[in-house]
Amino acid sequence: QVQLVESGGGLVQTGGSLRLSCTASGRTFSTYAVGWFRQAPGKDREFVSAISRYGLSTSYADSVKGRFTISRDNAKNTVYLQMNSLKPEDTAVYYCAAEYSSVLITTGYTYWGQGTQVTVSS
């Protein structure tokens, strides 16, 4: 029903910035809650940020609050994760996830992208 493709990952120095994109195939994508998750080598997947349908509500993990900003462009079927002041501990594969929900959720997502690698060097 919904196919997600992440892009924008790469290698950046500590303190640098990256903007990740999550582009969806569904034409009703604006009605889906969307979340960003990450998984570092040897660690469990963790919640990073989420945005509700239409982008009216957002949530951030404490570890990224104040540095990351999630947003969405409904016309482009795209959700962004602007990452500033990056730290080595932000290094991970970042995944976009979507769920048909009227409220913001941090778990229980059905649709997942393939992930994009973010590496922050010291």
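This tour visits a disulfide and then a network of salt bridges.

The model is predicted: local features need pLDDT of at least 70, side-chain atom pairs count only at pLDDT 80 or more, and totals for chains, interfaces and linings use all residues. Residues are numbered from 1 along each chain as its sequence is written, and side-chain values use heavy atoms, with hydrogens and water left out.

**Stop 1: the disulfide**

Select Cys-22 and Cys-96. Their sulfur atoms sit 1.9 Å apart and form a disulfide (a pair of cysteine sulfur atoms within 2.5 Å). The count is one disulfide. Cys-22 is in strand β3 (residues 18-24) and Cys-96 in strand β9 (residues 92-100), 74 residues apart. Strands are DSSP runs (E, at least two residues), numbered from the N terminus. Look along the S-S bond: the torsion is about -75°, so the disulfide is left-handed. Both cysteines are buried (under 20% relative accessible area; exposed is over 50%, partly exposed in between; 1.4 Å probe, protein chains only).

**Stop 2: the salt bridges**

The whole structure holds three salt bridges (a side-chain nitrogen of Lys or Arg within 4 Å of a carboxyl oxygen of Asp or Glu). Select Arg-38, Glu-46, Arg-67 and Asp-90, which are linked in a network.

Start at Arg-38, buried at 4% relative accessibility. Its side chain meets Glu-46 at 2.7 Å, N to O. Glu-46 is partly exposed, at 34%.

Next, go to Asp-90, buried at 0%. Asp-90 meets Arg-38 at 2.9 Å, N to O. Asp-90 lies in the loop between β8 (78-83) and β9, Arg-38 in strand β4 (residues 32-39), 52 residues apart.

Finish at Arg-67, buried at 10%. Its closest N and O atoms with Asp-90 are 2.7 Å apart. Arg-67 lies in the loop between β6 (58-60) and β7 (68-73), so the pair ties together parts 23 residues apart in sequence.

How values were computed. Helix = DSSP H or I, 4+ residues; strand = E, 2+ residues; numbered from the N terminus.
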